[in-house]
Amino acid sequence: MHIAFAASECVPFSKTGGLADVVGALPRALAALGHQVSVYVPRYRQTKLTDPQTVVASVTIPFDDKYRFCSVVTAGSSAGVKFYFVDYPPYFDREALYGSPAGDYPDNAERFALFSRAVIEASKILGVPHVFHCHDWQSALVPILLRTLYAEDPAFRDVAIVFTIHNMGYQGLFPPDTLPLLTLPWDLLTISKMEFFGQVNFLKGALVYSDFVTTVSRKYSQEIQTTEYGFGLEGVLRDRAATVTGILNGVDYDEWSPQTDKFAVAKFSPQDVTGKLKCKQDLLQAFGVARADAKIPVIGIVSRFAAQKGFDLISQVMDRLAREEMIMVVLGSGDKPYEEMFQRLNKQYPNKIAVKVAYDNAIAHKIEAGADMFLMPSRYEPCGLNQIYSLKYGTVPIVRATGGLDDTIEPWDARTGKGTGFKFTDYTGEALLATVKQALLAYQDPSSWQTLMRNGMGRDFSWGASAREYGKVYERARQARISAHPGAADSKKEAVHG
Ligand code: ADP
Ligand code: GLC
């Protein structure tokens, strides 16, 4: 089967969060199963390509008052996956992907509409896939356009669309006059299509028009059908419940393994974890706390700074957390209020909490390798990747039991010696404090702590199983397309599939 991914970020070409890790790794796992996979992403300033080749010199993108012309370049194939980049410097040659800490770029609707339309048009030249697999609101216009303006295009009649929600908190909400600006019909501004409290909602349109909707853990697929987690779209998802499914993200162990990690000063494995101590010293040095006693447990955080991540809970109980024997090392960037909060905590408790406000892949790896515990108190978490990386590094996760965090971490039971981490349910500072204390207490018993570490290191979250699940969803989406559109099977003869 030929699957074309459309997404706004992809490792190693661009990244702000876990979406990039998924779009970098899942296509390779699908190719390993024998599928043909193409990946379309924008070409940003941070996208570094060696020897880019132009494969489509000019794609016409209509806007209300003018046409814009972008091109598509390729970086060739890697592990059987073809990578294509939509090139339009006025939109993508910018400092960041989506905006600055002060807010989103004001023309994000135009930017990602151009991207989505370019993917559709380029695929007619580079190969129409059997399935478009789109991710988050930035590629939501692919399903919306295909099922509206492109509905009569014979090239796409039997093409199925799978849409993955990586985060319901980001929907792509724009004013109504975005529709004519993007040459989209006004009738999309109705409650059964893209209308959302008077605004145009890109994510909602994708949920309405895709054949199948997935999200990145089983628990999150259920949570988003409730008022608490649905961000206003729970009803739309409930209407589609039969075609909504959760597939847990895998992780790329070529990138995240203590046995091969190029950023870790020493390698280690479940058989021999002694190297982890060197990594801990190196980590403390990187954070300027080199003189700390190596016996003091280190709690790591690597995160986008956003309300989703639950850091307000830390601030609520930091005065009492600071009385515990521990050091917290924090790496993150994003929303200004959280950057300021962590900097303030660092000033107040310089011996307890070390902070780097930055986006730094090398330090992220050093934290995974060197910390003893990893804290993710998320308010909600569609999947979460860092807690899964942590398991592999024997860095014991402390998480709130939500979404993928709940699906991936099993509570430690010292009596049975089973479990991989610590979890709390209530979204309160008290619950977080009690659970961190529980972890710190468990750390005092080195031999059972080793068992706990090894339990996690032995877990396998590689992509193979999830890629097979996606394969099944693609098949079901194609079936759904054929039943929704009986002519689709016949049109296979006419359509040109690359
Ligand atoms: P999300 O996608 O919500 O940000 P995930 O846990 O799925 O959360 O993925 C986050 C990814 O981004 C991980 O690979 C993590 O290492 C990386 N990351 C997040 N913040 C930073 C940062 N400040 N520096 C380096 N890497 C980061
Ligand atoms: C999102 C989610 C995160 C998930 C990632 C990749 O950004 O916040 O939980 O792991 O996407 O699917």
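Analyst: We may begin with a polar contact, a pair of N or O atoms within 3.5 Å; within protein, one must be able to donate a hydrogen and the other to accept it, and residues adjacent in sequence count only if both atoms are side-chain atoms. In this structure, a polar side-chain atom of Asn167 lies 3.3 Å from an oxygen atom of ligand 2. Asn249 also places a polar side-chain atom 2.8 Å from an oxygen atom of ligand 2, and for an N or O atom in the side chain of His166 the distance to an oxygen atom of ligand 2 is 2.6 Å. The protein buries 94% of the 310 Å² that ligand 2 exposes when taken alone; such areas come from the Shrake-Rupley method with a 1.4 Å probe, and for residues only the protein chains shown count as cover.

User: On what conventions do these values rest?

Analyst: This is a predicted model, in which local features need pLDDT of at least 70 and side-chain atom pairs count only at pLDDT 80 or more, while totals for chains, interfaces and linings use all residues. Residues are numbered from 1 along each chain as its sequence is written, chains are lettered from A and ligands numbered from 1 in the order in which they are written, and side-chain values use heavy atoms, with hydrogens and water left out.

User: Which residues come nearest to ligand 2?

Analyst: A residue is near a molecule if one of its heavy atoms lies within 4 Å of it. Of the 14 residues around ligand 2, the nearest are His166, Asn249, Glu381, Cys383 and Gly384. The largest share of this shell, three residues, comes from α1; helices (H or I, at least four residues) and strands (E, at least two) are DSSP runs, numbered from the N terminus.

User: How is ligand 1 held by polar contacts, and which residues come nearest to it?

Analyst: Around ligand 1 there are 22 residues, of which Lys15, Gly18, Asp21, Arg304 and Lys309 come nearest. A polar side-chain atom of Lys15 is 2.8 Å from an oxygen atom of ligand 1. Backbone atoms take part as well: a polar one of Asp360 lies 2.9 Å from a nitrogen atom of the ligand, and an N or O atom of the Leu385 backbone is 2.9 Å from an oxygen atom of ligand 1. On its own, ligand 1 has 550 Å² of accessible area, and the protein covers 94% of this. β15 gives the most to the shell around ligand 1, with three residues.

User: How much area do domain 1 and domain 2 bury between them?

Analyst: The size of an interface is often given as the accessible area lost when the parts come together. Buried area is that loss (1.4 Å probe), summed over both parts. Domain 1 and domain 2 bury about 1600 Å² between them, 52% of it on carbon and sulfur atoms. In domain 1, Pro101, Lys219 and Tyr229 lose the most area to domain 2, together 27% of what that side buries.

User: Which residues does a cis peptide bond join?

Analyst: Most residues other than glycine have a negative phi, and most peptide bonds are trans. Val11 and Pro12 are joined by a cis peptide bond, with omega about 10°. Thr183, not a glycine, has a positive phi of about 60°.

Methods. Buried area = accessible area lost by both parts, 1.4 Å probe.
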